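Subject: the structure we talked about

Hi,

Here is the structure I promised to pass on.

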Amino acid sequence: MSSKFNLRSSFDYLFDQINILCEEIKHADVVSCHYYLLPEVTEEDEKKAPDNIPVSKVTGEDALDKCLNGYKDVFVGNKKSGKILTRHPGIISIKDPDLSLKARLVEVNKAKQSFKESILEINNNDARFEAVHNAVPNLITLAAYRKIHFEDAIPYSVRFTWMKKHSSLTLSKKEALEMLNKSSGYSNPRVIDQQNWMQIVESEKLRVGSLNEKSKLRIKRPTRVTPEVNIRFTAKNRYHVSAALPFILLNPQQETKIGELTDYSSSNVDVRKKDYSYLIERIYLENLD
């Protein structure tokens, strides 16, 4: 099991590497830098997915400062929410003729993975939480894990988009009915009274009860949207990565098209995406048969 000393040593090495990277970027030949400032998440926002997210574009020295601070943003500090990670979408284009920055980025990401593995050696979740926060107080563990993504080839384009994720849970007819039985005892402010609420749940139980015993069901609940970076070389040769931290483009070329992160609106629905037909829309329950 990872000791407090080992966890602290692993983290200290990681944070030293991040600080060295930031200093090297400050003194490097930065061609351009854009940072996209998102609204701060509050405790009230933690349980709801926003319908709109305004984006403020920052450029120049101010953008570079915000990008570098984003790499170091692994502590709770003065955040209004400790559950939702602060995201720092941006892009830094840097000349790196001797690939020294690339080597540093590789080392930073290697240190992040090593720190993560040392934590995951602790099997029990409660023990893991206690060990990490004893070793590194106020650390946001998932923030420390986040890789710094970069590209040193010459892509056709680097663009930003919003990705809508879902949390999925597959369950049987029996499990779905058990879940609805528990719901019967809950109060719900969206209905007039408890009797009406129970009638709603009973009608949902009838819908599930009419299914085949071997029916496969799934709850596919939408979660908060997140910014991502799409790197394209050709129509078939492309990939996307998280934009939780600023993306770094090494040795940029004029032919690469650089996009921007625009405001998010839930009303901008992609018509190519599946229009889900829910068996019970209230809990996002689908019948997969």
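Asn251 sits in the loop between S9 and S10; helices (H or I, at least four residues) and strands (E, at least two) are DSSP runs, numbered from the N terminus. Asn251 has a positive phi of about 50° even though it is not a glycine. With a relative accessible area of 22%, Asn251 is partly exposed (buried means under 20% relative accessible area, exposed over 50%, and partly exposed in between, using a 1.4 Å probe and protein chains only).

Before you go further, note that this is a predicted model, where local features need pLDDT of at least 70, side-chain atom pairs count only at pLDDT 80 or more, and totals for chains, interfaces and linings use all residues. Residues are numbered from 1 along each chain as its sequence is written, and side-chain values use heavy atoms, with hydrogens and water left out.

Asn138 also has a positive phi, about 70°, and is not a glycine either. Look for Asn138 in the loop between H4 and H5. Asn138 counts as exposed, at 52% relative accessibility.

Now go back to the loop between S9 and strand S10 (257-258), where you will also find Glu255. Which residues is Glu255 in contact with, leaving aside its neighbours within four places in sequence? They are Ile154 and Tyr156, where contact means heavy atoms within 4.5 Å. The C-alpha atoms of Glu255 and Pro155 are separated by 8.5 Å, although these residues lie 100 residues apart along the chain.

Pro155 itself is in the loop between S5 and strand S6 (157-172). Is Pro155 buried or exposed? Pro155 counts as buried, at 2% relative accessibility. Not counting residues up to four places away in sequence, Pro155 touches Ile231, Arg232, Phe233, Leu249 and Thr256. Take Thr256 from that list: Pro155 and Thr256 are 101 residues apart in sequence, but 5.9 Å apart in space, C-alpha to C-alpha.

For the whole chain, the secondary structure comes to seven helices and twelve strands. Of the 289 residues in the chain, 39% are buried. Among contacts with a separation of 6 or more, 82% are between residues 24 or more positions apart.

Next, the helices. Two packed helices are described by the angle between their axes and the distance between the axes. Axes are lines fitted to C-alpha atoms, for helices over the stretch in contact, and angles run from 0 to 180 degrees between N-to-C directions.

Start with helix H1 (residues 4-26) and helix H3 (residues 100-120), whose axes come within 9 Å and cross at roughly 160°. H1 and H3 are therefore roughly antiparallel to each other (under 35 degrees counts as roughly parallel, over 145 as roughly antiparallel, 65 to 115 as roughly perpendicular, and the rest as oblique). On the H1 side, the residues that meet H3 include Leu7, Phe11, Leu14 and Ile18, and on the H3 side they include Leu101, Leu105, Val108 and Phe115. The residues of this contact divide into 14 nonpolar, four polar and four charged (Ala, Val, Leu, Ile, Met, Phe, Trp, Tyr, Cys and Pro count as nonpolar, Asp, Glu, Lys and Arg as charged, and the others, Gly among them, as polar).

The buried residues of H3 include Leu101, Leu105, Val108, Asn109 and Phe115. What do the buried residues of H3 pack against? Their partners include H1, strand S4 (90-95), helix H4 (125-135) and strand S9 (247-250).

H1 also packs against H4, at an angle of about 60° and with the axes 9 Å apart. H1 and H4 are therefore oblique to each other. Here Lys4, Leu7 and Arg8 in H1 meet Ala131, Val132, Asn134 and Ala135 in H4. That contact divides into four nonpolar, one polar and two charged residues.

The last pair is helix H6 (residues 173-183) and helix H7 (residues 194-209), whose axes come within 10 Å and cross at roughly 175°. That makes H6 roughly antiparallel to H7. Among the residues that meet are Leu177 and Leu180 in H6, and Trp197 and Val201 in H7. The residues of this contact divide into six nonpolar, three polar and three charged.

Cheers
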